Structures are given as C-alpha cells and as structure tokens.
Amino acid sequence: MSSQSDKAVAGAAKRSKRFLSEATTYSDQVSFIIKHRAKADHHDDYEAWLRKAIEAVSRFKGHLGSHIVRPPAGGHQYEIAARFASREDAENWIHSDTRQTLIEELKQHLEEPEKLDIASGVDYWFTSVTEGNRPPRRWKQWLATVSVIWPLSMALPWLLGHVIEVVPFLGTFGLRQLIQSMCMVGLLMYVFMPPYARRIAKWLSK
C-alpha cells in the first residue's frame, strides 16, 4: 500500500511538471486547478488539511489568491484554484518541500490521486467552470470577454472624468490612461469575470 501511495505522489509531481512545461501564456499569470475526491468519512479531516494548505501556499512568493469550490450536500469532489504571478512562482510552489509534505498528509483522506490542470491568462476565467476543465472555444472566450469590456469601457471614462474634476492632476495625459487601464484590468480579472464565467458555464461548455 505504501509503495502505491509513493507512486501516486511521484506521478502527481511528474504531471505537475509536464503541465507547467506545456502551459501557453496570454499573460504571465499561471493558475492551478486541482481536484480532490475526499473519502466519505474524511470530510472534516480534509477541511482541516485544506485550511493548512491554503495558509501554506499564501506565504509563497507570487501567490495571488486561492478559490475553493466545495461539493454539494452528499458530494465528495473539491476543486481548488491557486493563482500565481508567474510561471517561476508556480514552479517554486509545485516543487517545494512544503507541498510534498502536504501531499503526503493528504493521501489518507482521498479516494484517488489528485487531478491537476494548469490554466494561463484568460483561460483561468473559463477553464474551471467548464465540463472536464477544458477551455471553451476561442470565439466564446472572445465574446464573453468583450461583453464585459464593452460596458466597462463606457463606464470607466465617465466615472474617471468626475474624479478628475476633483483632482485635475489625474487628467494628465498618460496618467489618465494608466489609471483607466489599471481599473479596467483589475475589475475584469477580480470582480466581474469570475462570477460571470460561472453564470454562463453551460453555454461555454456546449
């Protein structure tokens, strides 16, 4: 049994390395999408392990946040997305002694080895909400992204204009465009796209 567990851990490490080497980037950010199927009578133990793991990864350089999707009542499938600022930061976490120790502790609480995927750039918004964790068709990603950017591109200049009336310096050419771009990207990545992608998940999966 111990030999099989060791092979499972080694296999997970190899899959992690392969996924990283194959990842293509639209931006520097890289996200892990990890699936765990907890044993029926180990949910409390798994939740305790999960809290420990989230705290551990949060201390690593480049970690931008984690998102957990817990199973519905009676379910056992957990999904965790951990986002990093760069591929190098992601590799440091994947190959760290801390993560290997956590995997060792986790084995006894899972029905099967963890499943791991890597998503880069805009793929992160869509991959975790689609069936099989496969990115949807490019034209659907494009259309979904445009449908969010379009209203933002109208609202942000109007709102920023009111701010500039109070603080004229912010209207300096170059600075105004920088602030607008930062607000646009920030709202897109962290506020609007994640919940929007979940709402249109069925359409994205077709």
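This report describes the fold, cores, salt bridges, aromatic pairs and nonpolar surface of one predicted protein model.

## Model and conventions

The model is predicted, and local features need pLDDT of at least 70, side-chain atom pairs count only at pLDDT 80 or more, and totals for chains, interfaces and linings use all residues. Residues are numbered from 1 along each chain as its sequence is written, and side-chain values use heavy atoms, with hydrogens and water left out.

## Overall architecture

The protein has eight helices and four strands. Helices (H or I, at least four residues) and strands (E, at least two) are DSSP runs, numbered from the N terminus. Read from the N terminus, the order of elements is α-β-α-β-β-α-α-β-α-α-α-α.

Of the 206 residues, 39% are buried. Buried stands for under 20% relative accessible area, exposed for over 50%, and partly exposed for values in between (1.4 Å probe, protein chains only). The accessible surface is about 12200 Å², and carbon and sulfur atoms hold 59% of that area. Accessible areas come from the Shrake-Rupley method with a 1.4 Å probe; for residues, only the protein chains shown count as cover. Among contacts with a separation of 6 or more, 72% are between residues 24 or more positions apart; a contact is defined by heavy atoms within 4.5 Å.

## Nonpolar cores

In soluble globular proteins, nonpolar side chains tend to be buried together. A nonpolar core is here a set of buried Ala, Val, Leu, Ile, Met, Phe, Trp, Tyr and Cys residues joined through side-chain atoms within 4.5 Å. The largest such core has 21 residues, and Phe32, Tyr46, Trp49, Phe84 and Trp93 touch the most other members. At least two residues of this core come from each of β1 (30-37), α2 (43-58), β3 (77-84), α3 (87-94) and α4 (97-106). Helix α2 gives the largest share, six residues. Another core lies apart from it and has six residues, among them Val148, Leu156, Met184 and Leu188.

Not counting residues up to four places away in sequence, Trp49 touches His36, Leu102, Glu105 and Leu106. Leu106 lies in helix α4 and is buried, at 3% relative accessibility. With the same exclusion of residues up to four places away, Leu106 touches His36, Tyr46 and Trp49. Leu106 and His36 are 70 residues apart along the chain, and their C-alpha atoms are separated by 9.6 Å.

## Salt bridges

Side chains of opposite charge can pair when their charged atoms come close. A salt bridge is counted when a side-chain nitrogen of Lys or Arg is within 4 Å of a carboxyl oxygen of Asp or Glu. The count by this rule is eight salt bridges.

One of them joins the side chains of Glu47 and Arg70 (2.9 Å, N to O). Glu47 is in helix α2 and Arg70 is in the loop between β2 (63-69) and β3, so the pair ties together parts that are 23 residues apart in sequence. Glu47 is buried, at 16% relative accessible area, whereas Arg70 is partly exposed, at 45%.

Arg99 and Glu114 form another salt bridge, with their closest N and O atoms 2.6 Å apart. Arg99 belongs to helix α4 and Glu114 to the loop between α4 and β4 (115-120), so parts 15 residues apart in sequence are tied together. Arg99 is buried at 5% relative accessible area, and Glu114 is buried at 8%. Glu112 and Lys115 also meet through their side chains in a salt bridge (3.7 Å, N to O). Glu112 is partly exposed at 30% relative accessible area, and Lys115 is partly exposed at 48%.

## Aromatic pairs

Four aromatic pairs are found in the whole structure. Rings of Phe, Tyr and Trp (its six-membered ring) pair if their centres lie within 6.5 Å; planes under 30 degrees apart count as stacked, over 60 as edge-to-face and the rest as tilted. Trp139 and Trp203 form an edge-to-face pair, at 5.9 Å centre to centre and 85° between the planes. Trp139 in helix α6 and Trp203 in helix α8 (residues 201-205) are 64 residues apart, and the pair links distant parts of the chain. One aromatic cluster is formed by Tyr46, Trp49 and Tyr78.

## Nonpolar surface patch

Trp139, Trp142, Leu143, Val146, Trp150, Met154 and Trp203 make a nonpolar surface patch of about 800 Å². Patches are made of residues with over 30% relative accessible area and no salt bridge: like charges are joined within 9 Å, nonpolar side chains (Val, Leu, Ile, Met, Phe, Trp, Tyr) within 5 Å. Helix α6 (residues 138-166) supplies the largest share of the patch, six residues. Leu143 lies in helix α6 and is partly exposed, at 37% relative accessibility. Trp139 is partly exposed at 46% relative accessible area, and Trp203 is partly exposed at 32% relative accessibility.
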